Protein chains: 2
Amino acid sequence: MAVQTVATSSESTVDLGPAAALSCRECGHRVPLGPVFACEECFGPLEIAYDFSAYDTEELRRRIEAGPANIWRYAPLLPVPADVAGKPNLNPGWTKLVKADNLARELGVTGGLYVKDDSGNPTHSFKDRVVAQALEAARAFGFTTLSCSSTGNLAGAVGAAAARAGFRSCVFIPHDLEQGKVVMAAVYGGELVGIQGNYDDVNRFCSELIGDPAGEGWGFVNVNLRPYYAEGSKTLAYEIAEQLGWRLPDQLVVPIASGSQLTKIDKGLQELIRLGLVEDRPYKIFGAQAEGCSPVSTAFKAGHDVVRPQKPNTIAKSLAIGNPADGPYVLDIARRTGGAVEDVTDEQIVDAIKLLARTEGIFAETAGGVTVGVTRKLLEAGLLDPAKTTVVLNTGDGLKTLDAVAGTGLTATIRPTLDSFREAGLA
Amino acid sequence: MAVQTVATSSESTVDLGPAAALSCRECGHRVPLGPVFACEECFGPLEIAYDFSAYDTEELRRRIEAGPANIWRYAPLLPVPADVAGKPNLNPGWTKLVKADNLARELGVTGGLYVKDDSGNPTHSFKDRVVAQALEAARAFGFTTLSCSSTGNLAGAVGAAAARAGFRSCVFIPHDLEQGKVVMAAVYGGELVGIQGNYDDVNRFCSELIGDPAGEGWGFVNVNLRPYYAEGSKTLAYEIAEQLGWRLPDQLVVPIASGSQLTKIDKGLQELIRLGLVEDRPYKIFGAQAEGCSPVSTAFKAGHDVVRPQKPNTIAKSLAIGNPADGPYVLDIARRTGGAVEDVTDEQIVDAIKLLARTEGIFAETAGGVTVGVTRKLLEAGLLDPAKTTVVLNTGDGLKTLDAVAGTGLTATIRPTLDSFREAGLA
């Protein structure tokens, strides 16, 4: 793919704050900041290398705490210009860290259980965090069209962010997607293109487009802007630590789709330690998958270092990536921190969605059912310590996956009379 | 209804912060704080009377600014105990005030246009604000069941709040409500009772239940807890002023269902002036209705002081109250402040939803389409001044009224090839 080695003249002068270069996760080869995502030496994934050397810990902490109630409070730690908060952007993040005492009681957790509820983002999923980063990179590189392939949350997040920022958007989806999902993506008024084929065909087409002159000026948030995009997940780590009073949790339960989010949360926590913003103490990261798409969980349990692809079949569509790019890194982090990777059935996912709603009033997407369900399973297996501070991620909103709980309904039907009310045993 | 004159022994000792008594909006008769909503003298609506006399302006401002990022930062101005922020509650509010520069350009507003986006609340509508107040009153009065009649947003808000707070909930809805709405309310696990009848039958039944021993210990958020519930809307006024830098906007566009929200926003702004938290300068409040349920708009235009009930027929279901209790007060406020009340057709509502999504990336409920549509209409009519600072309320989330924009869809369908992409004119 030609674009990977293109170096435009703007690269060296681009202002993305503390981002210094792109660095290969595999071989460490460095290249200037640009819209590239794979190493020209070894084809490994590129990620952002920062220069944080000028920061004084206490001054940085004060600067963050005085910042806006969104991800831009962490601008000094992200690949964005210092004045990012003033640019048109959806300003996601700083979502609630809910102390889930009722859920803790049900699960027997005594050390403090928290739900990081990312359904509070502008388009109600954590995708707003990563898209916001990709958008700023797109702006810096002079792109005018924001694009992605998607079957769900990402389409809406890209459409909405592009609308606010004054970008053109062009989102590619399988042509036969459910009407509800189409509406959620189409309402922002960008181009929404149905591809005659399945999701793999959509992705293949997008890769072709990136290498073609027709794709010039296009930022594909999770392809040629992926190194920037992925960094958005670090903000989950920052917020959790700050909301706990600048303290690391003992245990985190994080969903796995591509695995990127989990690896970036680990990266974010490590940065906080290195910067002195939190005390350096051990934490364990646990990965959560649906049984119907559990390549990383399967590899973890088998003791493998590589992940064998699966064909997804689960209601947790937002996690249904059968060949997760960051799977090996996830395995490494789970093992290094003393965590684990576990999976739950679709039935357990639905039960967990209802459990979270019933105990905490949080209506989670299927991905939230996965993390809560896995938390329960890990507690039962003794892998999660109930006496430790535990943070569970809910990355999306139940309103987007209503079908999963479609069986939920009326608890009684009565005539509009007190007699009927009493007969139903409701008094 | 017996409950209106019941005075329990706990009333005089109940701690609801600065709330001093209930006062009749019509005749001024005062009664102790309790679960009553209509004046025993004249049957006028009761509202909260406060004692703010001890507050020093600058100390109060500092206290608010140091408070949590939710409505409880305004606890000193609400009928809640001082330690409310530590109680289990959904903690709604402090939603984004979005500077809507793209929308402003489209509408020709030069004085600053803002959207107060209450879709960011925990269950994605402003109802979380009012239910949170009702819940604290219920707690203070020793109630154990939280209840309401609803056909939409309120059901979910009550179910979720009760779940978090450890209350039983019992919500009454017409038995033939759409399945999607039933699911959104049922997922929180409380009692969800279908009443064989229409919404009027549901309401009549609830009134009966309040007067019956079977309803003992039940707090109906918008009936016997209505004086407390309604105060939640004041927080919209507080937040808007604080987010503008402790400044009153020149013009506000507010949706009208019962009219309560609009009257309480006015009350909140007046309090801020009296407390010295903002400069006393004129503001205009504009009310927004759907043409298919426009009793207040009709009365305003006809120059009437009373509101003639209508039979609602509009896609803006959350505003479809044909006989709005606070209609006369709304007329009074619109006239006193130099505002107006206007309505838009269902088609204009849909257009406005799309306009807001396309320009700002905000996907509003039909009620948001009503306010944006009315804003456009009032600008065209010269009733809104484009050179003034204007705040438009979006009180709900488009994900809950997907049907309204169901016609939105793919902009193109192509084969997964670059040729097909070019043929479709997308390059």
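The legends below accompany close-up views of a predicted two-chain model.

Local features are described where pLDDT is at least 70 and side-chain atom pairs count only at pLDDT 80 or more, whereas totals for chains, interfaces and linings use all residues. Residues are numbered from 1 along each chain as its sequence is written, and chains are lettered from A, with ligands numbered from 1, in the order in which they are written.

**View 1. The two chains and the axis that relates them.**
Two copies of a chain are related by a rotation about an axis and a shift along it. Here chain A is superposed on chain B by a rotation of 180° with 0.0 Å of shift along its axis, at an RMSD of 0.0 Å, which is the relation of a two-fold axis. The superposition is by least squares on the C-alpha atoms of residues with pLDDT of at least 70 in both copies. Of the residues of chain A, A:G120 comes closest to the rotation axis, its C-alpha lying at 2.9 Å.

**View 2. The side of chain A that touches chain B.**
In this interface 66 residues of chain A are in contact with 66 residues of chain B, a contact being a pair of residues whose C-beta atoms, placed from the backbone, lie within 7 Å. The elements of chain A that give two or more residues to this side include α2 (101-107), α5 (179-186), α12 (346-360) and α14 (418-423); helices (H or I, at least four residues) and strands (E, at least two) are DSSP runs, numbered from the N terminus. The element that gives the most is α6(A), with six residues. By residue type, this side of chain A divides into 35 nonpolar, 17 polar and 14 charged residues, where Ala, Val, Leu, Ile, Met, Phe, Trp, Tyr, Cys and Pro count as nonpolar, Asp, Glu, Lys and Arg as charged, and the others, Gly among them, as polar. Because 100% of the interface residues of chain A are also interface residues in chain B, the copies meet through the same surface.

**View 3**
Strand β8(A) and strand β14 (residues 412-414) of chain B run parallel and are joined by three bridges; two strands pair if DSSP finds at least two bridges between them. Within this pairing, A:I195 stands opposite B:I414 in β14(B).

**View 4. An open sheet of three strands in chain A.**
The strands follow the order β2-β1-β3 in an open sheet of chain A, with antiparallel pairing. Strands β2 (30-31) and β3 (46-50) of chain A stand at the edges, each with a single partner strand, so one side of each is left without a neighbour in the sheet. Strand β1 (residues 19-24) of chain A is joined to β2(A) by two bridges, and the bridge partner of A:L22 in β2(A) is A:V31.

**View 5. Strands β11 and β12 of chain A.**
Four bridges join strand β11 (residues 284-290) of chain A to β12(A), and the two run parallel; A:G287 has A:V341 as its bridge partner in β12(A). From strand β12 (residues 341-344) of chain A, A:V341 and A:D343 point one way while A:E342 and A:V344 point the other way, and all are buried. A residue is buried if 20 or more other C-beta atoms, placed from the backbone, lie within 10 Å of its own, exposed if 12 or fewer do, and partly exposed in between.

**View 6. Helix α4 of chain B and the residue that follows.**
The 13 residues of helix α4 (residues 153-165) of chain B should span 18 Å at 1.5 Å a residue, and the end C-alpha atoms are 18 Å apart, which agrees; the expected span is 1.5 Å times one less than the number of residues. Since 13 of the 13 residues of α4(B) are buried, this helix is largely enclosed by the rest of the structure. Just after α4(B), B:G166 takes a positive phi of about 75°.

**View 7. Two loop residues with positive phi.**
Although A:N91 is not a glycine, this residue has a positive phi of about 50°; A:N91 is placed in the loop between α1 (57-65) and β4 (97-99) of chain A and counts as buried, with 21 C-beta neighbours inside 10 Å. B:W246, also not a glycine, has a positive phi of about 55° and lies in the loop between α8 (234-243) and β10 (251-255) of chain B. With 14 other C-beta atoms within 10 Å, B:W246 is partly exposed.

Definitions and conventions
Two residues are in contact if their C-beta atoms, placed from the backbone, lie within 7 Å.
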